[in-house]
Amino acid sequence: MDNFFLLMEGFATAMQPIYLLFALGGVLVGTAVGVLPGIGPAMTVALLMPITYSLEPTAAIIVFAGIYYGGMYGGSTTSILLNTPGESSSIVTALEGNKMAKAGRGAAALATAAVGSFVAGTIATVLLSFVAPYVAAFAVQIGPVEYVALMVVAFLTVGALLGSSVLRGLASLGLGLFIALVGFDALTAQQRYTFGSPFLADGIDVVLVAVALFAVGEALYVASRLRHGPIKIIPVTGGWTSWLRKEDLRRSWKPWLRGTLIGFPVGTIPAGGADVATFLSYASERKLAKGEHKQQFGKGAIEGVAGPEAANNAAAAGVLVPLLTLGIPTTATAAMMLVAFQRYQIPVGPQLFESNSTLVWALIASLYVGNLMLLVLNLPLVGIWVKILQIPRPYLYAGILVFAVLGAFSVNFTPIDVIILLIVGILGFFMRRYGYPIAPMVVGLILGPIFESQLRRSLAISQGDPVALVQSPVAATIYVVLVVIFALSLLLKRRQRQFEAMVAANGDAADVVRGTAAVPGADAAVVTPADPHNREDTDR
Amino acid sequence: MSTIVVGYVPNALGEATVSQAVEEARRREAELVVINTTRADRLVNPAYADDEDVSKLDALLRATGVPFSVRHSISEATAAEEVVDTAEELGAELIVIGLRHRTPVGKLIMGSTAQTILLSARCNVLAVKLP
Amino acid sequence: MSTSVQNTGSGTAAPGKPVGELVFALIIVSIGVLGFVAGAGIQTPPSASDIGPRAFPFAVSALLLVVGAGLVFQVLRGHRGAADEGEDVDLDAKTDWLTVGKLAGFVLLHAFLIVPLGWPLAAALLFFGAAWSLGARPWWRNLITAVVLALVLQFVFAGLLGVSLPPGFLERFGVFGG
């Protein structure tokens, strides 16, 4: 019951009024950016990194955890009301949720998503509280050889599996590793790739690169292909009573639990993240539905919202297991949270749970709190989230740029960092343009230096014999697991692609999967075809 | 035949505006030109009518028997410019718009389409308020 | 929102000829080459008991070289990368280089103005310029938003959180930090 005691202590920290306030701020910002187009939780954490210069670690980590969970909730709101999934993990929700909203059941879809997220988030956080200490206990025993193996797993899965193309993912990873090399070598104090420039001698700051890739790259990319044309929002009608009727609840609770059970394990292994979990949950709900309910799939089945949303949030908690116990980030947002730890000189790695247990348990406790806050806040605030969607794009992206230069400048308070920000941002722009995923680069950038020092330590122990890297039984097991994960992921990806192709073939749902917004005249929410009579469409 | 330009938004105020405009059109024996436009610069714009709204508006206007046309477009110009420019282009004798209640602060932050139209229109402007 | 919406292969490729994509793949190759050339200059202390500071850079350079070459080959064979999707991205739109250039220009200008003008003024100018480039209208609303946002950020980050942003002309007012 030692862990239970530590968790209670975590609650004691997280429930202090000031931390509750930080958690509230975090979940509000998180939900807002989850709703907003163009901003994801990873970018938000990167943009808000300057707060780590003045807040103490616990407060900052609680804010970032709130952003992390809030982003998940916000994403589902947009996909239900707008039919444009904010994140890839919300695509499946858009499939059924938007159909429900069109049929006037938007409130129920939002409610089942929110309650499902809460149920899944809470159960998954409980699982996290139980599983994490055991993984951590195992983690502190492993040596550099095993740690190297774990990082190889992280590199290869994030690099090869996150994007659509294996080579592009690995190229992105390589670029991240390369940028991480710039500066002094930690072991021998030799300058590497500094080209004699004093600005490069200290290396290029991780925050700078992350902000450049996530924020500047995204803003430039969106600017290059700005969408014109608004999307019709589907108004949510009906009072509190229509939100979750008995019938809805009866149909939802099993998908919530199943989604949780699917999502959490998928989140813990680096096998493609939350979108794989949502897809798996959707597919299984579709298969398990019977009779009349099965007919509703594709036309607004509540199970198709409840399951994937639960899986999404459970996976988000699952991602925290390798992050907190092993120091291995498997998603872009997790990578940014790792950067936040590094800002505070908190050693990231297997010792994190042990050496900073107060902080970690406060973080876990704040996840419970944040989840509850999100449930209470999210539904009544739908009106505000909808207002946020009306911010004109020029202001939105101009604001992102201003936050980005603020973050870059406050790294070292030198304008040269803003110029480096721009250069790396342009790199990010071209990466997006040519289909290179961003996350592997950030993961490579963060884990690269740790990987190198562990690798060199292992080889120093074995006196340069590389065979030692695979001789340890634990390391060998990890490599075998890597192969299994790869095979499994490739299989899942193929299934997912087939599934998406099938949905696309259904015709009207195609716009959901491709995330295409409405063109005027072919609006997403059109129910009856317009009467062309007496009307001048003057699209200029 | 003279022309009346109407600024329309798909809500209760928009409907009130249109029905006032219909009355004016009957009195003046004028043709109605109903405008709904967006700059398409944001993800969601509730002031922009979708096809369903437009067909409803169509049916509503047809029932009144007043000659009319609807201009439903995406435009680089702001809604205020679109209304004023159209009125000038058609030599309209009246512009009819809806007027929302706004706090002074709200006006400062968001500006006001109605105010711009009132100030820059060359013809008379009828501002309709919700009853 | 979407930094994370990845195209799963069904989407449209970047329009236009793959010249840009080829150049990008070649840049990756050349970074690999540069890694080897510059890596050869890294001093290795003779006493080093491990593999030294040169091995890992070489490994990364080799990765970039091999993967880059593979990408060049892929692009030449007609396999194109699928451009990132997003809510605000119209994949069928032509690339608007002018707007991208304007935005990059305003960020660059901002970098040179922070010190002489102070952060709030430079940031307001960046916001105004960026929003203008992206088509914000009317201009006075843009201006008001830019000034208010810059002042609020200066107040929150420099005044409240103690991040030392140069306040420029606001130096006289203590609440904006310094």
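How much of the chain is helix over residues 22-43 of chain C, and how far apart are the end C-alpha atoms? The chain there is 82% helix and 0% strand, and the end C-alpha atoms are 34 Å apart. Before going on, please keep in mind that this is a predicted model.

That span is one of those that UniProt, in an unreviewed entry, lists under the feature "transmembrane region" in chain C; the record also gives residues 55-76, 107-131 and 143-165. Take residues 107-131 of chain C next. Here the span is 96% helix and 0% strand, with 12 Å between its end C-alpha atoms.

Now, confidence. The model has an ipTM of 0.87 and a pTM of 0.84. For chain C the average pLDDT is 82, and 85% of the residues score at least 70. Over residues 1-15 of chain C, pLDDT stays under 50, and the model has 66 contacts beyond four places in sequence for that stretch.

On to the layout of chain C. The domain assignment gives domain 1 as 19-76 and domain 2 as 97-176. The C-alpha centres of these two domains of chain C are 39 Å apart.

What about the nonpolar cores? The largest has 235 residues, and those with the most contacts inside it are Ala46(A), Val211(A), Leu401(A), Val405(A), Leu421(A) and Phe127(C). Its largest share, 23 residues, comes from helix H5 of chain A, residues 91-139. Domain 1 and domain 2 of chain C both give residues to this core, so the core lies between them.

Look at Phe127(C) in particular. Setting aside neighbours within four places in sequence, Phe127(C) is in contact with Ala398(A), Gly399(A) and Val402(A) from chain A, and with Ala146(C), Leu149(C) and Ala150(C) from chain C. Another core lies apart from the largest one; this other core has 35 residues, including Ile4(B), Ala25(B), Val84(B) and Ile95(B).

Is Ala60(A) buried or exposed? Ala60(A) has 24 other C-beta atoms within 10 Å, and 20 or more is the cut-off, so Ala60(A) counts as buried. Ala60(A) sits in helix H4 of chain A, residues 57-82. Beyond its neighbours within four places in sequence, its contacts are Ile51(A), Thr52(A), Leu55(A) and Ala340(A). Met337(A) is 277 residues away from Ala60(A) along the chain, yet their C-alpha atoms are separated by 9.9 Å.

Key:
Residues are numbered from 1 along each chain as its sequence is written. Chains are lettered from A and ligands numbered from 1 in the order in which they are written. This is a predicted model: local features need pLDDT of at least 70, side-chain atom pairs count only at pLDDT 80 or more; totals for chains, interfaces and linings use all residues. pLDDT is the predictor's confidence in each residue, from 0 to 100. Two residues are in contact if their C-beta atoms, placed from the backbone, lie within 7 Å. A nonpolar core is a set of buried Ala, Val, Leu, Ile, Met, Phe, Trp, Tyr and Cys residues joined through C-beta atoms within 7 Å. A residue is buried if 20 or more other C-beta atoms lie within 10 Å of its own, exposed if 12 or fewer, and partly exposed in between; C-beta atoms are placed from the backbone. Helices (H or I, at least four residues) and strands (E, at least two) are DSSP runs, numbered from the N terminus. Domain bounds come from an automatic or database domain assignment. UniProt positions are given in the numbering used here, feature names are shortened, and annotations may be inferred rather than shown by experiment.
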